[in-house]
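Here are my notes on the model shown below. Please read them with the structure open.

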Amino acid sequence: MQPFVDSTDIAADGAALAARMRRDGYLFIRGLLPRQAIANVQRQIGDIVRAAGWLARDRPVAEAIADQSGFCVDPEPAYLATLRQINRLEDYHALKHHPALIGFLERLLGGAMLPHPRVLMRNIFPDRAAFTTKSHQDYPNVQGTTEVYTAWMPLIDCPMEVGPLQVAAGTHGGDIYDFQIGAGAGGIEITEPFEGRWVSGPFQQGDVLFFHSLAVHKGVPNRSDKLRMSMDVRYQLLSEPFNIDNANADGQPLAWDDIYAGWRSDDLKYYWQRLPLNLLPFDRVWFDKRDALAFAHGEAGDPRAISVLQRIVARDADPAKRARAQKLLDTLET
Ligand SMILES: O=C(O)CCC(=O)C(=O)O
């Protein structure tokens, strides 16, 4: 694996950033956000996940030492219950509007930003290599426009052993790559290996990785004793087509009124509803392919189907499909 090209020195130069993003499909920027802003969010989430039994109770939350006895993964019900509590945090959502992030993206893309309302929080337990995020592209999940950019930021310092993200440089040229099903974020795994293309590096709190929606990326295995806590947020130009599903709080129709109940300020509530959005419906073609693979593999007794079947149970709108997935899960998990 090669190191990221560090673009911190051109962070003020929109044209240079855009040229490098066009070339590589990613930008790695050190110290974009104040460490304190990240540490504040980590502390609040840390309190929640420690109460859930995911962090060692005898160590400071800031150290993020994992408690393996609390192990669970997205989208198991226990994981999602805790994620819902995290989703209620005002500062967690407010971070995506931080002027340093918005200013950077406006320089890069040259127009007014639409931060996607949905923010994703990852809690990756150590020594569970099977659940390391597999190679995938964000576009099939996100859609609207391919000109969507993910900002990925760890909430703790993330040296290589804690398992940051890696990108296959230059894979954002237009192809949607073929995939198989697998565990980890999104439930899919691109089959092409992209040998020699992978880049990554250690992160500190405040460092941000930006990548194009077609850039192939995956996790680095977490071999530390820490819970790898990270956030990812997606951005696009307000003028580009937007898939309104990205306004569902955590991939399911969770009521924003519920999320907003304890917030101190109204300023950021429903901000996207005040913007002139250019809506484009979601195309289910890739989800349908993924789900058909999961049913076929599940019916053949292949445990790789479990993660996608759990996703269907947790998030699909069709009750008959959810019931079919649950029935299959019952046979695979026993
Ligand atoms: O943090 C991870 O392991 C997955 C993140 C990811 O896939 C993304 O930001 O799109």
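1. Cavities. The count comes to four cavities of 30 Å³ or more. A cavity here is a set of points, on a 1 Å grid over the protein atoms alone, where a 1.4 Å probe fits but cannot get out. Grid points are joined across faces, edges and corners, and a volume is the space filled by probe spheres set on the points. The largest cavity has a volume of about 100 Å³.

2. Basis. This is a predicted model, in which local features need pLDDT of at least 70, side-chain atom pairs count only at pLDDT 80 or more, and totals for chains, interfaces and linings use all residues. Residues are numbered from 1 along each chain as its sequence is written, and side-chain values use heavy atoms, with hydrogens and water left out.

3. Cavity lining. The largest share, three residues, comes from β11. Strands are DSSP runs of E, at least two residues; helices are runs of H or I, at least four; both are numbered from the N terminus.

4. By class, the lining of the largest cavity has five nonpolar, three polar and five charged residues. Ala, Val, Leu, Ile, Met, Phe, Trp, Tyr, Cys and Pro count as nonpolar, Asp, Glu, Lys and Arg as charged, and the others, Gly among them, as polar.

5. Main core. The largest nonpolar core has 62 residues. Such a core is a set of buried Ala, Val, Leu, Ile, Met, Phe, Trp, Tyr and Cys residues joined through side-chain atoms within 4.5 Å. Helix α5 (residues 99-109) gives the largest share, six residues. M153 is among those with the most contacts inside this core. Beyond four places in sequence, M153 touches residues including L33, L101, D207 and M231 (contact: heavy atoms within 4.5 Å).

6. Second core. A separate core of 21 residues includes Y177, I188, L293 and I306.

7. I181 sits in strand β6 (residues 179-181). At 1% relative accessibility, I181 counts as buried (under 20% relative accessible area, 1.4 Å probe, protein chains only). Its contacts beyond four places in sequence include I188, R290 and L293. R290, in helix α8 (residues 285-299), is also buried, at 7%. R290 is in contact with F179, I181, G186, I188, V308 and R311, leaving aside neighbours within four places in sequence.

Conventions. Buried means under 20% relative accessible area, exposed over 50%, partly exposed in between (1.4 Å probe, protein chains only). On a 1 Å grid over the protein atoms alone, a cavity is a set of points where a 1.4 Å probe fits but cannot get out, and a pocket is an open set with protein on both sides within 12 Å along at least five of seven lines; lining residues have an atom within 4 Å of a point.
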